[in-house]
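Look at the sequence and structure below.

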Amino acid sequence: MNGAPLARYDATLQGLARKDRLRTLAPRAGLDFSSNDYLGLAASKRLGEAVAAAIARGTPVGATGSRLLRGNAPEHEALETDAAAFFGAERALFFGGGYIANFALLTALPQKGDFLVLDELAHASMHEGAQAGRAQSIVVAHNDVNAVEGAISRWRAEGGMGCVWIAVESLYSMDGDRAPMESLVTLADRHEAFIVVDEAHATGVWGPDGRGLAAAFEGRANIVALHTCGKALGASGALVTGPRTLCDYLVNRCRPFIYATAPSPLMAVAAREALAMLSDEPMRRVQLHDRVAFAGRQLAERCGVTPSGSQIQPFVIGNVRRTMTLAAALQARGFDIRGIRPPTVPEGTSRLRISLTLNVDEADISAMVEALVEVLATA
Ligand SMILES: Cc1ncc(COP(=O)(O)O)c(C=O)c1O
């Protein structure tokens with residue numbers, strides 16, 4: 001085979017490079033200002049020991065099959081039982097990851113004839129699920145409850161008869177801002193709509209015991225939540241929580257759940273232990289919130305950044321090349337801060353995404369801000 005069949009892929013890569021958008025994999029290095037390991041659980045002794053103990057008692061590494069066949073391990077069921085109780089939902093289902101779970105929810109639950117309203121900044125997995133699903137869907141302006149209401153009213157006025165679905169994140173992954181959950185739930189109730197809320201960045205960090213920003217609404221018949229296990233929980237996978245009927249429906253109709261090998265039982269052990277840690281170790285949340293406030297003050301004073309008020313602090317630069325130059329300069333100084341470019345964020349809003357975790361302390365944050373001031377002056 002000569003190189004000809006690869007030429008179009010090469011051309012795409014070259015085009016991306018010309019636009020400063022070529023992505024490459026870089027080794028992990030420097031102080032952690034980019035991971036989603038907000039509570040520092042990923043490398044915690046307790047999580048490691050829980051997995052080691054599970055291995056020692058013979059828990060298999062692989063699930064060996066689909067959940068509907070021999071892949072359904074007691075570890076999955078124990079996690080789901082605990083998760084449903086912890087989050088206050090009727091039932092929980094464990095998926096291999098948040099991306100696939102979002103995609104699965106939005107392809108399986110909204111039906112033909114339904115209408116799905118999606119926040120423009122919702123995660124890519126939600127947008128792709130909406131596109132692949134059977135419901136008519138519309139993207140609305142970020143956090144604009146009136147736009148959601150307007151879209152629903154127009155659809156009904158045009159004869160839409162099915163159910164309405166609203167898909168949002170509770171804490172946005174690239175902006176660190178919150179969805180107006182209460183207004184959305186009131187709106188959903190008024191229109192007998194369902195809400196699918198992606199709590200990926202809120203789980204473990206926000207809400208009572210770290211149950212998320214939609215905690216007050218879990219257990220309702222019209223709320224389905226996604227709690228990823230790969231971020232503050234320090235493991236991987238994702239828990240979908242919601243009404244028993246919808247979870248039972250997913251077990252029967254959700255193709256990514258049915259036609260896939262179940263996640264490793266060891267990961268279920270890790271996620272379950274992480275949930276227990278949320279209840280047992282509330283100080284982690286308190287410490288993280290202190291660090292968020294500390295960083296917010298420093299970044300506001302020294303760099304004029306408006307604090308997001310969460311552990312995700314964007315510093316919007318705008319220009320792609322400058323963003324990546326700044327990120328590289330910070331990395332060279334030992335601070336792992338990544339530049340985020342379109343299409344992950346909207347055109348013209350390239351940014352440094354500063355993530356705050358318990359993997360750094362206040363001295364590290366001060367040093368990072370100092371370095372940021374320096375590189376901003378030179379790049
Ligand atoms: C908001 C949001 N939802 C879903 C996901 C996907 O979750 P996972 O990494 O578990 O696939 C991510 C991760 O990047 C995310 O930021």
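Q: How much area is buried between domain 1 and domain 2?
A: This is a predicted model, in which local features need pLDDT of at least 70, side-chain atom pairs count only at pLDDT 80 or more, and totals for chains, interfaces and linings use all residues. Residues are numbered from 1 along each chain as its sequence is written, and side-chain values use heavy atoms, with hydrogens and water left out. Buried area is the accessible area (1.4 Å probe) that two parts lose on being put together, summed over both. Carbon and sulfur atoms give 59% of the area between domain 1 and domain 2, and the whole is about 1,700 Å².

Q: Which residue ranges make up domain 1 and domain 2?
A: The bounds come from an automatic or database domain assignment. In that assignment domain 2 is 59-280, while domain 1 has two pieces, 26-41 + 282-378.

Q: How many residues of domain 1 are in contact with domain 2?
A: Contact means heavy atoms within 4.5 Å. On the side of domain 2, 22 residues take part, and on the side of domain 1 the number is 22.

Q: Which residue forms a salt bridge with Arg351?
A: A salt bridge needs a side-chain nitrogen of Lys or Arg within 4 Å of a carboxyl oxygen of Asp or Glu. Between domain 1 and domain 2 the count is two. For Arg351 the closest N and O atoms are 3.1 Å apart, and the partner is Asp175.

Q: Which element gives the largest share of the side of domain 1 that touches domain 2?
A: Helices (H or I, at least four residues) and strands (E, at least two) are DSSP runs, numbered from the N terminus. Helix H11 (282-303), strand S9 (312-318) and strand S12 (350-355) each give two or more residues to this side. The largest share is five residues, and it comes from H11.

Q: How far is a polar side-chain atom of Lys231 from an oxygen atom of the ligand?
A: Lys231 is one of the residues around the ligand (a heavy atom within 4 Å). Polar backbone atoms also lie by ligand oxygen atoms, at 2.7 Å for Gly98 and 2.8 Å for Tyr99. For the side-chain atom of Lys231 the distance is 3.1 Å.

Q: Is the peptide bond from Pro342 to Pro343 cis or trans?
A: Most peptide bonds are trans. Pro343 is in the loop between strand S11 (338-340) and S12. The bond from Pro342 to Pro343 has omega near 10 degrees, and is cis.

Note on methods: A polar contact is a pair of N or O atoms within 3.5 Å; within protein, one must be able to donate a hydrogen and the other to accept it, and residues adjacent in sequence count only if both atoms are side-chain atoms.
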